[in-house]
Amino acid sequence: MRLSSHAVKLEAHGATGADRSKASEKIHRQLLLLDLPVLGILREGEVLFDLRTVEERDIEYIAEAVEKVIDNSYFKRPADDRARTGKK
């Protein structure tokens with residue numbers, strides 16, 4: 001049985017192949033290790049969040065958790081993105 005759904009996808013910007021998979025695995029693992037774990041799907045070098053499983057009240061926490069994990073890893077945005085958004 002297959003259920004239709006939508007997902008939010010995280011992928012390592014500019015990374016390919018093994019580097020992309022390694023970055024995604026690290027992000028996925030770090031999300032699971034949080035005090036309140038965030039469960040995503042690790043598939044083909046990407047971290048996916050199935051929106052059937054995300055409650056609206058949890059979106060802010062998930063976004064903050066992803067930002068925290070990304071800021072603490074080598075999974076960074078390029079400098080031009082940081083300048084445009086004002087984030088480090």
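The questions and answers below concern a predicted model of a protein.

Student: Which pattern do the helices and strands of the protein follow along the sequence?
Tutor: The secondary structure of this predicted model comes to three helices and three strands. Read along the sequence, these elements follow the pattern β-α-β-β-α-α.

Student: What share of the residues of the protein counts as buried?
Tutor: A residue is called buried here when its relative accessible area is under 20%. The protein exposes about 6,700 Å², of which carbon and sulfur atoms supply 52%. Of its 88 residues, the share that counts as buried is 27%.

Student: Is helix H1 parallel or oblique to helix H2?
Tutor: Helix H1, residues 17–32, packs with helix H2, residues 59–71, at an angle of about 125 degrees, and their axes lie 10 Å apart. Because angles of 65 to 115 degrees count as roughly perpendicular and those over 145 as roughly antiparallel, the relation of H1 to H2 is oblique.

Student: How many nonpolar residues does the contact of H1 with H2 have?
Tutor: The crossing of H1 and H2 is right-handed. On the H1 side, Ile27, Gln30 and Leu31 take part, and they meet Ala65, Val66, Val69 and Ile70 in H2. By class, this contact has no charged residues and one polar residue, while the number of nonpolar residues is six.

Student: How far apart in space are Pro37 and Ala65, C-alpha to C-alpha?
Tutor: Pro37 has its place in the loop between H1 and E2, and it is partly exposed, with a relative accessible area of 47%. When residues up to four places away in sequence are not counted, Pro37 touches Leu31 and Leu32. Although Pro37 and Ala65 are 28 residues apart in sequence, their distance in space, C-alpha to C-alpha, is 8.8 Å.

Student: Is Glu44 buried or exposed?
Tutor: Glu44 is found in the loop between strand E2, residues 41–43, and strand E3, residues 46–50. Glu44 has a positive phi of about 50 degrees although it is not a glycine. Because the relative accessible area of Glu44 is 72%, and exposed means over 50%, this residue is classed as exposed.

Conventions:
Residues are numbered from 1 along each chain as its sequence is written. This is a predicted model: local features need pLDDT of at least 70, side-chain atom pairs count only at pLDDT 80 or more; totals for chains, interfaces and linings use all residues. Side-chain values use heavy atoms; hydrogens and water are left out. Helices (H or I, at least four residues) and strands (E, at least two) are DSSP runs, numbered from the N terminus. Buried means under 20% relative accessible area, exposed over 50%, partly exposed in between (1.4 Å probe, protein chains only). Accessible areas come from the Shrake-Rupley method with a 1.4 Å probe; for residues, only the protein chains shown count as cover. Axes are lines fitted to C-alpha atoms, for helices over the stretch in contact, and angles run from 0 to 180 degrees between N-to-C directions. Angles under 35 degrees count as roughly parallel, over 145 as roughly antiparallel, 65 to 115 as roughly perpendicular and the rest as oblique. A crossing is left-handed if the near helix is turned anticlockwise from the far one by less than a right angle, and right-handed if clockwise. Contact means heavy atoms within 4.5 Å. Ala, Val, Leu, Ile, Met, Phe, Trp, Tyr, Cys and Pro count as nonpolar, Asp, Glu, Lys and Arg as charged, and the others, Gly among them, as polar.
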